[in-house]
Amino acid sequence: MAGSAVSVQGVSKTFGSGADGVQALSAIDLVVDAGEFVSLLGPSGCGKSTLLRIVGDLLAPTSGSVTVNGKSPAQARLDRDYGMVFQAPTLLEWRKVARNVQLPLEVMGMDRAEQERRGREMLELVELQQFADHYPWQLSGGMQQRVAIARALAFRPGLLLMDEPFGALDEMTRERMQMELMQIWRQTGTTVVFVTHSIPEAVFLSTRVVVMSPRPGRIAGVVEVDLAQPRVFETREASQYFAKLNVVRELLRGSEAVP
Amino acid sequence: MSRLRGYLPSVLLFVLVLATWEMVVRAFNIQRFLLPAPSVIAGTLREQLGVVTAAGLYTLREAVIGLGLGTILGSLAAFAISRWTLAREGMLPFAIAVNSAPIVALAPIANQWFGLTSIWSKAAIVTVMVFFPVMINMVRGLTDVEAGKLELMRSVAATPLRTIGKVRLPNALPYLFSALKVAAALSLIGAIVSEYFGGAGGSLGYYISQQAGLTRMAAAWSGVVVAVVMGALLNLIVSWSERRLMPWHVSVRT
């Protein structure tokens, strides 16, 4: 699929109004091409989650326009063009793992047998097939988040929106999840927009890192990450990786200097 | 096995209380019309078993009808008002106020409305008593939903009806069951106390108040025993359904 998966033009977002209004985003322009892995990176308050939520039609922009696959975010949502993964796994605790993964398919009214087949396939993708009959509380945090990823992929969407999905995980689990996500990304060819506040995470995963800065939230710069694909364990030990970390870090520091 | 062992302390305590009761009555030679010994009550219960259980079942029927109606109506009302913030804000404080009022005080009025010996005058009181806790808890259960879950449902383009079915309703189940545990006890209280104000000849409340009036204390107590057993039974049924319907819930995890 060619063309832009996400196009953001002149988007601003103000919460509240008048003197109490807080400008979360100011004049954001961003185009994400199909097949890219783009991270939105920045400190808290830079509006990265707000931007993702606008793309995902959970928030409306105050001004500017957004298209997802050439449609309005609302239409893209209704067409199930994207899957979302939140910081919390947000599993339904009364459903077993398999039925959590099937939830989106159930909502869209897919045939039961097809639901189960697709659900199994997604669980295999995140390597949790043996936990299909477990309840969420029986799984570790990392495993729960993998279930959430499987659920987001259940529609086989062309686009995955991820809002700090590994933010609550310990460092070891986090690195393992990143490797797994890389594998899923290569396997499925899904476009990913990934919100994070971790510099190493953004550099390791992304083809492009969008560095954002706060008050008001804006794009401070965009760093192309041309590290070799596939990204593997050794990628984190390569000197080019450290060079990119430094570029991103400098950009973040430079943006903070602005009052 | 371990579950049986869990019950052991309460069983021991129960036996201990009965034994103490028995000994105190005998040792101080307490008059039978004041407090009959457990052995005497057991004897009377055995003699009167047919009459007392029939009365118990009659009253249980009133309680269960009221419990069912109150739960259904309370849940329906909760669905209706949880959909509209305005209705919720208007109704909920009112419901909480009514819920803390002694509804059983209406029993004589209900007797006038539905007939003294009718099963419906008692079932009506029970219905009202059950309605409010069920409605209040259901409203909370349907509305206290984690924001993330609602966003999830939005992101998968779920209709409001699907969101109710797949998120709000299961979310309300634990709330419903905690209401039902209270309501099960309330239903028997409502039915029996209503019968104290006058009820059908074959009802448990009528039986207890009649026997107590005639100072046949052992017989009155045997009626109380049946009431206690029925209360425990109702509670067991509710707990059992809870386990069956919510194997995922914290309270049920093993």
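In which helix of chain A does Gly142(A) lie? I found Gly142(A) in helix α5 of chain A, residues 141-153. Before going on, I note that this is a predicted model, where local features need pLDDT of at least 70, side-chain atom pairs count only at pLDDT 80 or more, and totals for chains, interfaces and linings use all residues. Residues are numbered from 1 along each chain as its sequence is written, while chains are lettered from A and ligands numbered from 1 in the order in which they are written. Helices (H or I, at least four residues) and strands (E, at least two) are DSSP runs, numbered from the N terminus.

**Gly142(A)**

I checked the surroundings next. Gly142(A) counts as partly exposed because it has 19 C-beta neighbours inside 10 Å. The scale I use calls a residue buried if 20 or more other C-beta atoms, placed from the backbone, lie within 10 Å of its own, exposed if 12 or fewer, and partly exposed in between. Setting aside neighbours within four places in sequence, I see Gly142(A) in contact with Leu169(A), Thr173(A) and Met177(A); contact means C-beta atoms, placed from the backbone, within 7 Å. I also looked up Ser239(A), which is 97 residues from Gly142(A) in sequence and 29 Å away in space, C-alpha to C-alpha.

**Strand β6(A)**

Is this strand, residues 159-163 of chain A, mostly covered or mostly open? I count 5 of its 5 residues as buried, so to my eye β6(A) is mostly covered. Leu159(A), Leu161(A) and Asp163(A) point one way, Leu160(A) and Met162(A) the other, and all are buried. β6(A) pairs with β5(A), residues 82-85, in the parallel sense over 4 bridges; pairing asks for at least two DSSP bridges between the strands. Met84(A) stands opposite Leu161(A) there.

**Chain B overall**

I moved on to chain B, which has 9 helices and 0 strands. Its C-alpha trace spans about 75 × 50 × 30 Å along the principal axes. Of its 254 residues, 39% are buried.

**α2(B) against α9(B)**

How do these two helices pack, and at what angle? I find α2(B), residues 38-83, and α9(B), residues 217-245, at about 55 degrees with axes 8 Å apart. Axes are lines fitted to C-alpha atoms, for helices over the stretch in contact, and angles run from 0 to 180 degrees between N-to-C directions. The two are therefore oblique to each other: under 35 degrees would be roughly parallel, over 145 roughly antiparallel, 65 to 115 roughly perpendicular, and the rest is oblique. Among the contact residues I noted Leu45(B) and Gly56(B) of α2(B), and Trp221(B) and Met230(B) of α9(B). The contact divides into 11 nonpolar, 6 polar and no charged residues. Here Ala, Val, Leu, Ile, Met, Phe, Trp, Tyr, Cys and Pro count as nonpolar, Asp, Glu, Lys and Arg as charged, and the others, Gly among them, as polar.

**Where the chains touch**

Last, I looked at the interface: 14 residues of chain B are in contact with 17 of chain A. On the chain B side, α6(B) gives the largest share, 6 residues. That side has 7 nonpolar, 2 polar and 5 charged residues.

Terms used: Two residues are in contact if their C-beta atoms, placed from the backbone, lie within 7 Å.
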